[in-house]
Amino acid sequence: MSAHTLAELRTVNSFAALPPAFYTRLAPRPLNQPRLLHANPDAARLIGLDPAVLDTPEFLSVFSGAQPLPGGDTLAAVYSGHQFGVWAGQLGDGRAHLLGEVEGPQGAWELQLKGSGMTPYSRMGDGRAVLRSSVREYLASEAVHGLGVPTTRALALVVSDDPVMRETVETAAIVTRMSPSFVRFGSFEHWSSRRQPEPLKTLADYVIDRYYPQCREMPGGAPRDDGVAVLNLLREVTRRTARLMADWQAVGFCHGVMNTDNMSILGLTLDYGPYGFMDGFRLGHVCNHSDTEGRYSWNRQPSVALWNLYRLGGSLHALVPDVDGLRAALDEFEPVFTRAFHERMAAKLGLAAWQVEDEPLLDDLLKLMDANQADFTLSFRRLADALAGQRSAFEDLFIDRPAAGAWLDRLLARHAQDARPVPEVAAGMNRVNPLYVLRNHLAEEAIRAAKTGDAGEIDTLLKLLRNPYEAQPGYERYAGLPPDWAGSIEVSCSS
């Protein structure tokens, strides 16, 4: 049953029960004259909060940083990490405050304010987030969730006229993020880099016992073995991360800043900064304007994830001297990713099951899309129309229409081998190929409206992105090709 007030939420605060070295307890710095721009009733239900509470002064007070979460234990966590492949040393929640952990109807969720002021981990930062990036994160987590991809969620977006200096003067905002846990790969790197095995073990035990209890299970009822449990943890994190990468690749999502401190120990999409859903497809598409070397391009995301997992495995070596065991756990990444990616792409192409012979078919499609900069989302979505006889819907996306038609003939011949009813296949394809994604220009339109206090575009986008596979009459422009001005949008780490 939903709680009727914030005071009725059931808080558990498991991370706050760890030793003090893992965080700093401190209050947020509230915004001046805050306004609730938007709140998410779907996220509220996850923590058992009655959506009617979202419109109350108490809700605004807590999620603008003015008052603590009732029963919560506010803190900023410490972690370290590799950024753009280089060891960055100690990092941490430089502009985030964990308000507390709430037990919801189907599990616990940590509530975190982002943009809530400086902490001991801010380094050179001001502890603030701007409206622009906050709207993008608020929308992105819900869009990725709508696509069925594991992710953090967003509860509230609070704005203010407080000035924040980035490339220009912008206004401040706080987004409330939700996750079962905000522990990252970098949380383990922190203690390993300091050669402190005791807190490293404390963290590993916490993560295993709270989120991966199955890793404690021993074959044949053998006695507890903490080393085996850590190996099992690394293996499960590797598998989850591999499947997450397959999800990202299949929907054309680029994270933009896959540093180890932005990698979730639960295999969730974490920390939406300079992300992007591709419009025109490029194998080496880079969504982050700050990524001048293209380290986090679309085609490199799986290999970067594995590199990050090796950093996690190296951190756990202090607890598990068994190098071969650690390597064996990490070796699961490639087969798990490959199998998951092929399963997703087979479904997108409408195939009953992936076959080894399908590899050239997929490779040639991606090369064709790359050469023509064909729209990623629509190229896959319109395959169902082409299968039903409307070939031009697909071919019109390509400059080289004859090449697109020739490839389509190969796909149709492959479908003939499966010999399944066309309506059934087309319906299945439309269940996995989204019509709506959070394109940069759509997010930009929502940002522009939000600057005037208008949350109407956020409402519209959330309506569409919660069910991105089903066409909504009257919203055709949200499913169309991007306008010419969309190509000038740049997103960077400065957000």
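The largest cavity has a volume of about 140 Å³. The model is predicted: local features need pLDDT of at least 70, side-chain atom pairs count only at pLDDT 80 or more, and totals for chains, interfaces and linings use all residues. Residues are numbered from 1 along each chain as its sequence is written, and side-chain values use heavy atoms, without hydrogens or water.

**Cavities**

- On a 1 Å grid over the protein atoms alone, a cavity is a set of points where a 1.4 Å probe fits but cannot get out, and lining residues have an atom within 4 Å of a point.
- Grid points are joined across faces, edges and corners, and a volume is the space filled by probe spheres set on the points.
- The whole structure holds 3 cavities of 30 Å³ or more.
- Strand 7 (107-114) and helix 4 (185-193) each give two or more residues to the lining of the largest cavity. Helices (H or I, at least four residues) and strands (E, at least two) are DSSP runs, numbered from the N terminus.
- The lining of the largest cavity has 11 nonpolar, 2 polar and 3 charged residues. Nonpolar covers Ala, Val, Leu, Ile, Met, Phe, Trp, Tyr, Cys and Pro; charged covers Asp, Glu, Lys and Arg; the others, Gly among them, are polar.
- Domain 1 (6-182) and domain 2 (186-346) each supply at least three residues to the lining of the largest cavity.

**Second largest pocket**

- The second largest pocket contains about 600 Å³ of space. Asp279, Gly280, His285, Ala486 and Gly487 are the closest to its centre among the 28 lining residues.
- A pocket is an open set of points with protein on both sides within 12 Å along at least five of seven lines.
- In the lining of the second largest pocket, 13 residues are nonpolar, 9 polar and 6 charged.
- Domain 2 (186-346) and domain 3 (353-431) each give at least three residues to this lining.

**Overall fold**

- The protein has 17 helices and 12 strands. Its radius of gyration, taken over C-alpha atoms, is 23 Å, close to the 23 Å that the globule rule gives for 495 residues, so the protein is as compact as a globular protein of that length. The rule is 2.2 Å times the number of residues to the power 0.38.
- The C-alpha trace spans about 65 × 60 × 45 Å along its principal axes.
- Of the 495 residues, 58% are buried (under 20% relative accessible area, with a 1.4 Å probe and protein chains only; exposed is over 50%, partly exposed in between).
- Among contacts (heavy atoms within 4.5 Å) with a separation of 6 or more, 72% join residues 24 or more positions apart.
- Four domains are listed: domain 1 (6-182), domain 2 (186-346), domain 3 (353-431) and domain 4 (440-478). Their bounds come from an automatic or database domain assignment.
- The C-alpha centres of domain 1 and domain 3 are 42 Å apart.

**Helix 17**

- Helix 17 (residues 456-465) has 7 of its 10 residues buried, so it is largely enclosed by the rest of the structure.
- Those buried residues are Glu457, Ile458, Thr460, Leu461, Leu462, Leu464 and Leu465.
- They pack against strand 2 (35-39), helix 3 (131-146), strand 9 (153-165) and helix 16 (440-450).

**Gln83**

- Gln83 lies in strand 4 (residues 80-83). Gln83 is partly exposed, at 24% relative accessibility.
- Beyond its neighbours within four places in sequence, Gln83 contacts Ala88, Leu91, Arg123, Asn259, Asp261 and Tyr296.
- Gln83 and Asp261 are 178 residues apart along the chain, yet their C-alpha atoms are separated by 7.7 Å.
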